[in-house]
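Subject: Structure handover

Hello,

Here is the structure I promised to pass on. My notes follow below it.

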Amino acid sequence: MTDKTQLIPTTAELMRLRAVAAGLERPDVIVRGGLVLSPGTEEWLERDILIAGRHIATLTPWGHVTGAGRELDARGSWVVPGFIDAHLHVEYTNLTPGQLARVSVPRGTTTVLTDPNAAANVWGPEGMDYMLTTGAPFHIFQQVSPTTPASTTLERGGAVIPEETVLTRLHDDVTATLGEGNPFDLGEVSTARFREALVAGRRITGHTAAQSHETLWSYLSAGVGDDHNAATVEEVLERTRLGAMVTVMGSSLADNTVPLFADLDAVAPALRHMCFCADDKHALDLSGQGHIDHHVRQAVRFGVDPVLAYRMATAQPAHYYRLDQVLGLLAPSRLADLQIIPDLAEVQPTTVMVAGSVVARDGRAVFDVDDEVPAWTRDSIRLPEVIDPALLRVSADTPRARVRAMEMYDGYFKRAFEAELPVAGGAVQCDTATDVLKIAVIDRHHAEPLAGIGFVRGFGLRRGAIAISMNCPNMNIAVVGADDASMLRAVEEIRAMGGGFVTVDGDDVLARVELPVGGMMSDAPFEQTAAALEHAHAVTAALGCPIPSPYIILSFVGLYVVPDLGVTERGLVDTFSQEVVDVLLPGPVHACGHTDADRHP
């Protein structure tokens, strides 16, 4: 667990740093001959970095100090701070914190700000603490999950986090921000939560759900200070003009680096008020595409000045999230978290240091992960002993039925539409010819026969089903399929695995990704989890699914704080009214309210 105070030099450490900077003592390490990212200006400095213990003593001109206990040769390379991920859910990497460190630290990401809302829903406060804990050289700061459950009427949920616990955690030394909350909740409880964050001196992480004008203004007026949903230049400019930090998301759901940096002239006024986050990025994409190094590569590829691109990954988030006194800068008294990079465009560090120690070389960790996985984190799938097939049934007494449905677009956003579906035996059927499949969210916390049903377009399955045990936000089972029998078979396989992802075709299980830690993560080496995901994605594509990462997209179909519709174990939810609505029509469905053509073509 990363307590900010513990990263600040002790009095003894400060005494030594001052002595080394004054030339009275030899540094432990000199990083020599590199071009160093300036902590305060947009320039590359010809500097050596003097390190004493965990911290940087000072920066000197090349060759000013002739000896040290150890030297790292940075000649011909650039030296930059460790990257900061400003908003991440560790659980959605499908890795435990230590395994995430193994994949991310060698790529230069040494600090993450994480909202453990999934762990909170499964395990409560103890789970939130678990997601902040690893013995690996990796800084994890908390974004306090504000709503568990997010609604007491729209979902049954799992664990319940008392409001007092949320308010108290805002004052913890490990806390960087209040986590993302529902932008459609204007109530007194949420408003008091925002105020407590402001009193505690914490930033407030925003999830603006593509809102504009009054709904956006109302959200930001509560003190919400950043947004990782902005996916168009217009959204970025609207938010930064209101003083918000835009945290550019590059996740397995959507990569906003492409639309934002592709129009560099238009977005240029906001670049110095932007930073980066992965948000929801699974192990396969982290190991292949990269973590925050991916964002930097993209920014440089699209023409952002490299010195600014690297500041967006380091100094800008450090300053904004009030971490700059301890990390994010190559400056005196800060932690010696740094990386040596031979090619600014490739962003592949040859050496990574954390707190003055070399922890990775040439893309590989040189540390071991031996974190204990508590027994209570396993066996978290609780279903009725027998699942009645009627749980998935949508009854109708006409030959065809009209239903409310949702279409996936732009990652995890859903566009409402109406569909006419066949009815057989008094039950509404899927229509694979028009790609309208059934989705169900099933309670997995209380062993109760509770399920919400909807219909969705975008998964493209010609047959079979896929299921997961980490529907956002409450971590229930979500399953989408072409027929009820395949859907039930997938759910039973989730039970048998103790949680994870599965693809089935009728009775045949085609692929499994076992995630026994809370039904969300694997403590196996990240290489194994990435390989299992790669195979499962390929098998699911063979059934007709066009989505590159179908399981993580399925995780968010139920999300009811993102327009237009969502599904919980209690039913189909209209996002804007925050009410459960009928799946069958006729009946009113509220307009989504969007006017942005880029988001709603």
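Three strands make up an open sheet, ordered E11-E12-E13, with parallel pairing. Strand E11 (226-227) and strand E13 (274-277) are the edge strands, each pairing on one side only. Please keep in mind that this is a predicted model.

E12 covers residues 245-249 and runs parallel to E13, joined to it by four bridges. Take Val248: its bridge partner in E13 is Phe276. Helix H13 (residues 292-301) packs on this sheet and touches E12 and E13. The direction of H13 makes about 135° with that of E13.

Next, the cysteines. How many disulfides are there? The count comes to zero. A disulfide needs two cysteine sulfur atoms within 2.5 Å. The closest cysteine sulfur to that of Cys275 is in Cys277, at 7.4 Å, so it is too far for a bond. Cys275 is buried, at 0% relative accessibility. For Cys430, the closest cysteine sulfur belongs to Cys545 and lies 14 Å away, again too far for a bond. Cys430 also counts as buried, with a relative accessible area of 15%.

Now the charged pairs. Side chains of opposite charge can pair when their charged atoms come close. The structure holds 24 salt bridges. Three of them are worked through here.

- Arg16 and Asp28: the closest N and O atoms are 2.9 Å apart. Arg16 is partly exposed at 27% relative accessible area. Asp28 is partly exposed too, at 31%.

- Asp73 and Arg75: this salt bridge has its closest N and O atoms 2.8 Å apart. Is Arg75 buried or exposed? Arg75 counts as exposed, with 63% relative accessibility.

- Asp505 and Arg463: here the closest N and O atoms of the salt bridge are 2.7 Å apart. The pair links distant parts of the chain, 42 residues apart. Asp505 is in strand E25 (residues 500-505). Arg463 is in the loop between strand E22 (451-457) and strand E23 (465-471). Asp505 is partly exposed, at 22% relative accessibility. Arg463 is partly exposed as well, with a relative accessible area of 40%.

Best wishes

Terms used:
Residues are numbered from 1 along each chain as its sequence is written. This is a predicted model: local features need pLDDT of at least 70, side-chain atom pairs count only at pLDDT 80 or more; totals for chains, interfaces and linings use all residues. Side-chain values use heavy atoms; hydrogens and water are left out. Two strands pair if DSSP finds at least two bridges between them. Helices (H or I, at least four residues) and strands (E, at least two) are DSSP runs, numbered from the N terminus. Contact means heavy atoms within 4.5 Å. Axes are lines fitted to C-alpha atoms, for helices over the stretch in contact, and angles run from 0 to 180 degrees between N-to-C directions. Buried means under 20% relative accessible area, exposed over 50%, partly exposed in between (1.4 Å probe, protein chains only). A salt bridge is a side-chain nitrogen of Lys or Arg within 4 Å of a carboxyl oxygen of Asp or Glu.
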